[in-house]
Amino acid sequence: MPGKPRLSSTSSLLCLTTLPRICPVKKFKLTRLILGGSLLLGAVLLWLSYNAPFSNSKSAGERNSPPVPHLECQGRAQSIYRDDIGIPPRDHDSDAKMRINNHVLVLVETQYSRLGQEIVAILEAARIKFRVEPTGKSLPYLTHMDKGKFGVIVFENLEAYTNMDKWNRQLLDKYCKEYHVGMIIFAPSKEDGILSSQVEGFQLYIHTNLVLKDYKINPHSNILRLTRAGETWQGDLPDEDWTVFIANHSTYQPLAYASIRMTDHYSYDSVGEDVKQVVVLQDLGLCDGIQRVFFGNGFKFWLHRLLFLDSLSYLSHGKLSLPLERYILLDVDDIFVGRNGIRMHADDVEAMVLFQERWQKQIPNFHFNLGFSAKYFHHGTPEEDLGDDRLLEHKSKFWWFDHMWQHTQPHKYSNQSHLEADMAKNCKFAQERGIPVEWNYAIAPHHSGVYPIHEQLYEAWKKIWNIKVTSTEEYPHLKPARHRRGFIHRGIKVLPRQTCGLFTHTLFLNQYPGGRQRLENSIRGGDLFQTIVINPINIFMTHMSNYGSDRLALYTFESVFKFVQCWTNLKLLSAPPTVLAEKYFSMYPEEADPFWQNPCEDPRHREIWFKNKTCDRLPRFLVIGPQKTGTTALYSFLSMHPAITSNAWSPETFEEVQFFSGNNYYKGLDWYMQFFPPPVPGTNISQNYLFEKSASYFDKERVPMRAHALLPKSKLICILISPVKRAYSWYQHMRAHNDSTALRYSFYEVVTAKDDAPKALRDQRNRCLVPGMYAQHIDRWLQYYNVNQLLILDGELLKTNPVIIMHKVQRFLHIEPYFDYSMHLRYDSKKGFYCQVVNGDHTKCLGRSKGRKYPPMDSESEKFLQQYYKRHNVALSKMLHRLGLETPSWLEEDLRNFE
Ligand code: A3P
């Protein structure tokens with residue numbers, strides 16, 4: 001029977017241990033009978049316990065018999081930090097963390113293996129940095145400048161660790177010992193696995209393919225931090241392929257146990273069902289100096305996510321600990337909005353107040369955060385209008401925020417003053433009724449205008465409401481939720497928003513989409529619970545209708561808060577949105593910087609984007625630089641082509657837009673798109689092939705990432721000349737612009753400046769030399785773009801034979817019609833360069849700032865720079881060879897100079 005346990009030749013080992021012997025069930029009819037009876041009884045009891053609290057529920061559609069959250073922790077535990085055995089959550093901090101980095105190395109079977117992807121998903125959700133490597137390959141560098149690069153090593157498969165080749169295994173173990181780096185190792189069952197075996201090199205046995213139930217955590221384990229022991233997860237565990245660990249050495253300590261479950265296929269004769277099997281095991285490292293945590297199953301069982309996070313914290317000496325505070329903000333969007341029959345009644349409002357008071361004891365400062373669209377005040381049935389009145393009677397008990405006067409999506413306003421006027425109406429309503437709205441927070445209906453950005457919304461929010469914080473589930477995308485992040489735009493902090501499974505039409509538990517058990521699962525260890533576990537700051541979206549009918553929001557959140565209390569040491573708190581935003585960006589400062597994507601790439605984004613905007617007002621290729629290699633000449637030649645249109649000139653930076661490389665980026669997408677002509681009237685399509693050239697893009701750290709986020713399909717062109725000549729041309733350029741440092745220091749002084757030189761000189765040196773390290777910059781672009789999206793041009797050839805170059809460019813772009821540049825470019829002996837032919841016989845050359853006359857470079861500097869760039873040129877040559885790209889003649893020459 002594939003996938004099921006079978007007797008193994010090594011099963012006699014088990015006698016030494018607590019593991020039961022497994023036999024085919026047919027031999028044990030009595031056991032089966034008893035089991036059958038108890039299962040039936042169990043099922044009845046379970047049904048009763050589950051349904052009893054709902055027994056007074058009326059059928060779906062009727063009001064006033066909402067389900068009651070009935071979940072209780074076992075044991076006494078009343079306060080958040082209660083612990084039945086009196087052990088507070090561990091602080092894993094130790095000095096060892098000073099020697100390691102905060103990255104996790106994940107060693108997977110393949111890039112696509114399921115467990116590997118789940119490990120990555122948890123790390124991403126927790127914002128823990130990681131590197132994934134398939135096992136079997138050589139290990140990545142483990143140290144850097146006497147610091148361990150990885151704080152924890154995770155093996156997706158125990159066998160991959162034990163079967164590692166000797167050299168790699170020694171290297172890894174030595175690293176772990178020396179830097180006190182621990183390992184997390186999963187021990188999945190093999191389909192046709194041996195029932196039991198000794199783990200090679202360990203005083204440890206495993207038994208695979210087991211079916212288990214009733215999970216319990218060892219309260220004495222020093223790994224526990226956010227996981228709280230004291231409860232038993234009663235019932236069957238998912239999967240029928242658990243691995244359990246058997247050990248008789250004191251280096252091994254159980255972290256979690258479960259019991260064997262009898263199934264139709266098997267019973268266990270030597271021990272009863274109740275014998276505890278170790279399913280997560282800690283190795284204290286007493287035998288070989290390496291601490292490990294072994295998991296007998298992956299993440300299908302929800303508690304393993306928590307134990308995994310705790311293991312990361314413990315094994316990294318606190319370097320990867322998540323905080324224990326969880327902030328909760330519960331937004332109720334669209335108060336007053338909703339069709340008749342699903343709005344709140346007065347008693348629903350009273351229930352809300354009651355729950356809020358109750359929750360405040362557990363969650364300091366908790367307030368429902370009500371988003372109102374005042375136009376719909378008193379738009380319900382008479383009973384529902386009384387509900388609106390009751391909300392206002394209790395207005396000071398809640399926090400309130402603007403949700404647009406008539407719930408219109410902001411991106412639908414083309415006119416700034418209309419948008420502001422509607423906002424002002426909502427504001428006036430709040431003022432007249434004395435509604436407390438001092439929280440500088442607003443939510444846009446359907447997230448419209450927040451991302452993708454509708455600048456008018458930000459403008460109006462600032463002007464009418466002085467908004468400082470908002471939240472959305474759309475940045476960068478709705479799915480996957482674990483990728484949601486925050487950003488800051490025009491001083492407004494945008495926080496990620498979480499969904500809880502309740503939407504406008506989720507009204508009754510019995511009618512919950514997919515069945516009520518689905519919601520229960522989400523609460524009990526599933527999505528909703530895990531959202532709170534992984535996110536230190538949670539802003540949840542709910543709707544007014546979730547507080548009427550079955551009051552599902554009250555039920556759901558009270559249940560999940562209790563579940564959090566039962567199973568975790570997390571402390572729930574709340575705070576006004578501005579405080580949350582401060583905390584969020586101090587925790588994740590790297591997120592403050594937004595990145596803009598093409599709104600047409602995501603159907604949801606396209607839906608909430610201003611209808612007159614088009615994604616065809618973006619470039620199809622970029623000339624990325626670097627500076628002083630002939631980029632302006634290429635720009636002007638490209639602009640001559642009848643099918644190509646360049647960006648418009650900028651008043652500040654002339655022919656360059658410099659969007660991705662500097663502060664212009666913060667001006668947003670609308671600003672960038674102004675540089676490109678709108679599409680042909682009546683269509684959404686640009687007539688021409690649009691492009692943009694900014695020479696500063698080539699070497700700036702964040703540009704490839706930003707450019708790729710917006711223009712993933714764009715082509716890229718860069719031009720290279722000898723970095724030595726480029727550096728000199730740049731220096732001359734700075735002198736021509738009267739740069740004081742360039743005027744003060746000679747070229748030689750600039751390029752040879754030491755690290756203790758004055759800052760201005762060091763900066764000048766870096767700006768002069770860094771762009772010429774071509775290989776490393778190209779490498780960064782290729783981390784985002786495919787090599788066939790990149791064209792590297794020989795800048796020397798552009799000077800001497802631009803027709804060849806332009807022919808190459810046209811082929812690369814697949815552009816039509818073909819433009820014969822030989823008819824349109826001519827060498828101008830006065831200028832010393834090729835220029836555009838105009839009016840038949842005249843030429844139009846680039847201005848004086850291009851193709852300058854200056855003295856030749858001194859030989860000392862040249863010698864110094866040839867040496868300086870040697871390794872960069874070698875790297876470039878290797879890279880071009882590897883990528884199958886042509887080697888430009890200047891590079892061959894530069895390399896020959898050093899042979
Ligand atoms: P120099 O002025 O030092 O000679 P960029 O436009 O990227 O800043 O590059 C300027 C360089 O382009 C000039 O540097 C010049 O050598 C080179 N160039 C190439 N073709 C040219 C052309 N047709 N006209 C003017 N300069 C050209």
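# Disulfides and salt bridges

Colleague: Let's start with the link of cysteine 73 and cysteine 566: is that link left-handed or right-handed?

Modeller: Keep in mind that this is a predicted model. The angle about the S-S bond is -95° for cysteine 73 and cysteine 566. That makes their link left-handed.

Colleague: How many residues apart are cysteine 73 and cysteine 566?

Modeller: A disulfide joins the two, with an S to S value of 2.1 Å. Cysteine 73 sits in the loop between helix H1 (29-51) and strand E2 (100-108), and cysteine 566 sits in helix H12 (residues 552-567). The pair links distant parts of the chain, and the gap between cysteine 73 and cysteine 566 is 493 residues.

Colleague: Is the disulfide of cysteine 600 and cysteine 615 left-handed or right-handed?

Modeller: The sulfur atoms of cysteine 600 and cysteine 615 are 1.7 Å apart. Cysteine 600 lies in the loop between helix H13 (577-587) and helix H14 (603-607), while cysteine 615 lies in the loop between H14 and strand E25 (621-625). The torsion about the S-S bond of cysteine 600 and cysteine 615 is about 80°, so this disulfide is right-handed.

Colleague: Which class does cysteine 845 fall into by its relative accessibility?

Modeller: Cysteine 845 forms a disulfide with cysteine 835. Cysteine 835 is buried, with a relative accessible area of 1%. A residue counts as buried under 20% and exposed over 50%. Cysteine 845 comes out at 27%, so its class is partly exposed.

Colleague: Counting bonded cysteines along the chain, what pattern do the disulfides follow?

Modeller: There are three disulfides in the count. Number the bonded cysteines along the chain, and the pairing reads 1-2, 3-4, 5-6.

Colleague: On to charges: how many residues apart are arginine 482 and glutamate 124?

Modeller: Arginine 482 forms a salt bridge with glutamate 124, and their closest N and O atoms are 2.6 Å apart. Arginine 482 is in the loop between strand E19 (469-472) and strand E20 (487-489), whereas glutamate 124 is in helix H2 (residues 114-125). This pair, too, links distant parts of the chain, and the separation is 358 residues.

Colleague: Why are glutamate 796 and lysine 799 separated by about one helical turn, and in which helix are they?

Modeller: These two form a salt bridge, with their closest N and O atoms 3.7 Å apart. Side chains of opposite charge can pair when their charged atoms come close. Glutamate 796 and lysine 799 are about one helical turn apart because they are three residues apart in helix H23.

Colleague: Are glutamate 231 and arginine 228 buried or exposed?

Modeller: Glutamate 231 and arginine 228 form a salt bridge, the closest N and O atoms being 3.4 Å apart. Glutamate 231 and arginine 228 are both buried.

Colleague: How many salt bridges does the structure hold?

Modeller: Some of them link up: Arg127, Arg485 and Glu591 belong to one network of salt bridges. To count as a salt bridge, a side-chain nitrogen of Lys or Arg has to be within 4 Å of a carboxyl oxygen of Asp or Glu. The number of salt bridges in the structure is 44.

Technical notes. Residues numbered from 1 in each chain as written. Predicted model: local features only at pLDDT ≥ 70, side-chain atom pairs only at ≥ 80, totals over all residues. Heavy atoms only, no water. Disulfide = S-S within 2.5 Å. Helix = DSSP H or I, 4+ residues; strand = E, 2+ residues; numbered from the N terminus. Buried < 20%, exposed > 50% of the residue type's maximum accessible area, 1.4 Å probe, protein only.
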